[in-house]
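Visitor: I would like a close look at the charged side chains here, and at the residues around them. Please take them slowly and say how each term is defined.

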Amino acid sequence: MSKVARRHHNGKLDMVFEPRRGYTRMPHVFQQPPLKASRELYEGDNPTATVFIMESSGGMVAGDRNDISIRLLPGSKARIIQQSALKVYRSHTGETCVQSIDVELAEDSRLEWMPEVIIPFADSKFQMETTIRLEKDATLLWGEIIAPGREMRGEVFDFSSLKSMMKIYVEGELLAFDSLHFVPENLHLHKIGLLEEALYVGSIWLVSEQVDDINLRVIQEAMNVGDGLRAGITRLAGNAVHCRILGVNQWRLQQEMKRVFAELSAIV
């Protein structure tokens, strides 16, 4: 009996936010399994809409694709939280899983993307493309965490390839381009100048008109580095800040990421 070819999952999630009667609402949403968005949630009188993104299939497998589109109209404020870590399973066909995220922030809008962990299983192939476009006075706070694999099962950089590309445009001009491309078979990641002893890579991006009010030295000195955790934060041209954190322990890195994320969120 011949095997039935597996059908690729092509998840789609399009979300549009706009202010209505003092709160940010999500009046337009299109979702195609396995991607799904929760309804808007609010903390007291805070007008910011919090929405959880869910992936009902449990993870991505050879050739699967997720396309996420987020659009904030003028004055909107939204916080997007991934419900769980993104698991990328073994590519038994050699095909690459792709996740594309496209974000548009209109003037005076604000978006926070809370970081969760991307976990590439052994022999997996994954590519993530994130493009963010901001208008004047828009605010972005974005996080990302990449794991080496299922560390507790002994899978450390056993995936085939992982590529993450981040592009940020402000008023049509490229502000930042960050590309991480790991092919463990061809790279000695533990060498000096690469990851060395680090296993986890965390990134935080902040774009805001209020960046000049941030004392980066104070934030840097308050970071809980040491014991396998290293971090650096820098100011970019164009009202932006970038923070990179490397760690050997997932829990420690996540806790520090959340702390820095919350500190920057409170300032801007």
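**Charged side chains and their surroundings**

Guide: Arg-110 has a relative accessible area of 15% and is therefore buried; buried stands for under 20% relative accessible area, exposed for over 50%, and partly exposed for what lies in between, with a 1.4 Å probe and protein chains only. The model is predicted, so local features need pLDDT of at least 70 and side-chain atom pairs count only at pLDDT 80 or more, while totals for chains, interfaces and linings use all residues. Residues are numbered from 1 along each chain as its sequence is written, and side-chain values use heavy atoms, without hydrogens and water.

The side chain of Arg-110 forms a salt bridge with that of Glu-112, 2.8 Å from N to O. The term requires a side-chain nitrogen of Lys or Arg within 4 Å of a carboxyl oxygen of Asp or Glu. Glu-112 is also buried, because its relative accessibility is 5%. Twelve salt bridges are counted by this rule.

Asp-67 and Arg-65 make another of these pairs, with 3.0 Å between N and O. In the pair of Arg-150 and Glu-155 the N to O distance is 2.6 Å. Glu-155 is buried, with a relative accessible area of 12%, and Arg-150 is partly exposed at 24%.

Asn-66 lies in strand 5, which covers residues 65-72. Strands (E, at least two residues) and helices (H or I, at least four) are DSSP runs, numbered from the N terminus. With a relative accessibility of 1%, Asn-66 is buried. Beyond its neighbours within four places in sequence, Asn-66 is in contact with Gly-11, Pro-34, Leu-35, Glu-55, Met-60, Val-98, Gln-99 and Ser-100; contact means heavy atoms within 4.5 Å. Gln-99 belongs to strand 8 and is buried too, at 5% relative accessibility. Besides Asn-66, the contacts of Gln-99 outside four places in sequence are Ile-68, Leu-86, Phe-126, Gln-127, Met-128 and Glu-129.

Strand 8 spans 97-105, strand 9 spans 110-114, and Asp-108 sits in the loop between the two. Its relative accessibility of 46% makes Asp-108 partly exposed. Asp-108 is one of the residues in a patch of negative charge on the surface, together with Glu-104, Glu-107, Glu-135, Asp-137, Glu-171, Glu-173, Glu-209, Asp-212 and Asp-213. Patch members have over 30% relative accessible area and no salt bridge; like charges are joined within 9 Å, and nonpolar side chains (Val, Leu, Ile, Met, Phe, Trp, Tyr) within 5 Å. Asp and Glu count as negative, Lys and Arg as positive, and His and the chain ends are not counted. Each charge is placed at NZ of Lys, CZ of Arg, CG of Asp or CD of Glu. The areas follow the Shrake-Rupley method with a 1.4 Å probe, and for residues only the protein chains shown count as cover.

Two further arginines deserve a look. Arg-90 is in the loop between strand 7 (86-88) and strand 8, and its 47% relative accessibility puts it among the partly exposed residues. Leaving out neighbours within four places in sequence, Arg-90 touches Val-61, Ala-62, Phe-121, Ala-122, Asp-123 and Ser-124. Its C-alpha is 11 Å from that of Ile-119, a residue 29 places away in sequence.

Arg-252 is located in helix 2, residues 250-267. Its relative accessible area is 25%, so Arg-252 is partly exposed. Residues up to four places away aside, Arg-252 is in contact with Asn-224, Gly-226, Asp-227 and Leu-229. Asn-224 lies 28 residues from Arg-252 along the chain, and their C-alpha atoms are 9.1 Å apart.

Met-26 is in strand 2, residues 23-32, and is buried at 9% relative accessibility. Its contacts outside four places in sequence are Met-15, Val-16, Phe-17, Ser-38, Glu-40 and Val-51. The C-alpha of Met-26 is 24 Å from that of Ala-266, which is 240 residues away along the chain.
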